[in-house]
Amino acid sequence: MAALNPPLPADARPPDETFRVKIDGYEVQVYSYGSGPEVLFCLNGGPGLPCDYVRETHSLLADHGYRVVVHDQLGTGRSDKPKDKGLWTITRYVEEVETLRNVLGLGRVHLLGQSWGTWLGFEYLLTYPKAAKSFVCANGTAEVPQHMQDLQRLRGALGSETVAMMSRHEAEGTTDHPAYQGAVQILNYRHVCRLDHWPPALMRSIDGINMDIYGTMWGPNEFTCIGNLKDWDRLADLPRIEQPCLVLCGHHDELTPDSAARIARRLKKPTLKIFRNSSHMPFFEEPTEYIATLRSFLDQHRGG
């Protein structure tokens, strides 16, 4: 493990420490903000996105008594980008998280997952049940097959002709067609981020996506899952999780309030919060209320 300070965009908060950690023969980039025993370990969405959008929205918790640790998952951002598609599995990413926690000496952490990071977080908690003090499930699900049904309902709101057009392009492998991309853009602005102008950190993550990872694990876009996560379903296992869990969701979220409620009903110690004016990015759409909610939960579960 070697410390270094690579350049970040001018509008990014500089980390207090930056590390390279060797995992599976490759190096993973880690960013650390603040100090102390209370660690918020953040797992961003994707899969295949650099961590910019989560790193820059959650690093400010370092100003409130938390050490915030975020990493570019292998294959993304400033981490190494191997070409072996066999690496892109949820099981391997679970081991990546555990390796980082041990190598960095983080102890028991407050774990936060956003979007795909919630699936990774649930899988991690079920594999390493003693590794976390609490879990924040931000804009997630525990059951991809049901999530796909939710997405079909959201797509249906575009109208039958548009849905038929999208289905045809998916069947023909022509999802790069302008009509298809236009429909996806509408869905993104309804259910991913409802701001007129998407923040630079979010655009950096989206522009930096590794489509080998995204395509292997998920599919061609947010609303079509044909990758190796398509059958992932841990809903029945959620009662095994002992940690207090904060379940966050936007009212217009592609990971729907129904999904959040299904999660909360099965957890032992849930707190559910729906952001009424948000979709999938409440930390951008309603940042003040989001951070206040997150801080209140974390402060209740310090120590231990």
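Helix 6 supplies the largest share of the lining of the largest pocket, five residues. Helices here are DSSP runs (H or I, at least four residues), numbered from the N terminus. The model is predicted, so local features need pLDDT of at least 70 and side-chain atom pairs pLDDT 80 or more, while totals for chains, interfaces and linings use all residues. Residues are numbered from 1 along each chain as its sequence is written, and side-chain values use heavy atoms, without hydrogens or water.

A pocket is an open set of points on a 1 Å grid over the protein atoms alone, where a 1.4 Å probe fits, with protein on both sides within 12 Å along at least five of seven lines; lining residues have an atom within 4 Å of a point. The largest pocket holds about 590 Å³. Its lining comprises 25 residues. Nearest the centre lie N188, I206, I209, Y214 and E222. Helix 6 (178–191), helix 7 (200–207) and helix 8 (211–217) each contribute at least two lining residues. By class, 14 are nonpolar, nine polar and two charged.

The second largest pocket has a volume of about 170 Å³. Residues lining this pocket include R108, L125, K130, R240 and E242. Six of the lining residues are nonpolar, one is polar and four are charged.

No disulfides (cysteine sulfur pairs within 2.5 Å) were found in the whole structure. The sulfur of C42 has its closest cysteine sulfur in C51, at 9.1 Å, too far for a bond.

Notes. Grid points are joined across faces, edges and corners, and a volume is the space filled by probe spheres set on the points. Ala, Val, Leu, Ile, Met, Phe, Trp, Tyr, Cys and Pro count as nonpolar, Asp, Glu, Lys and Arg as charged, and the others, Gly among them, as polar.
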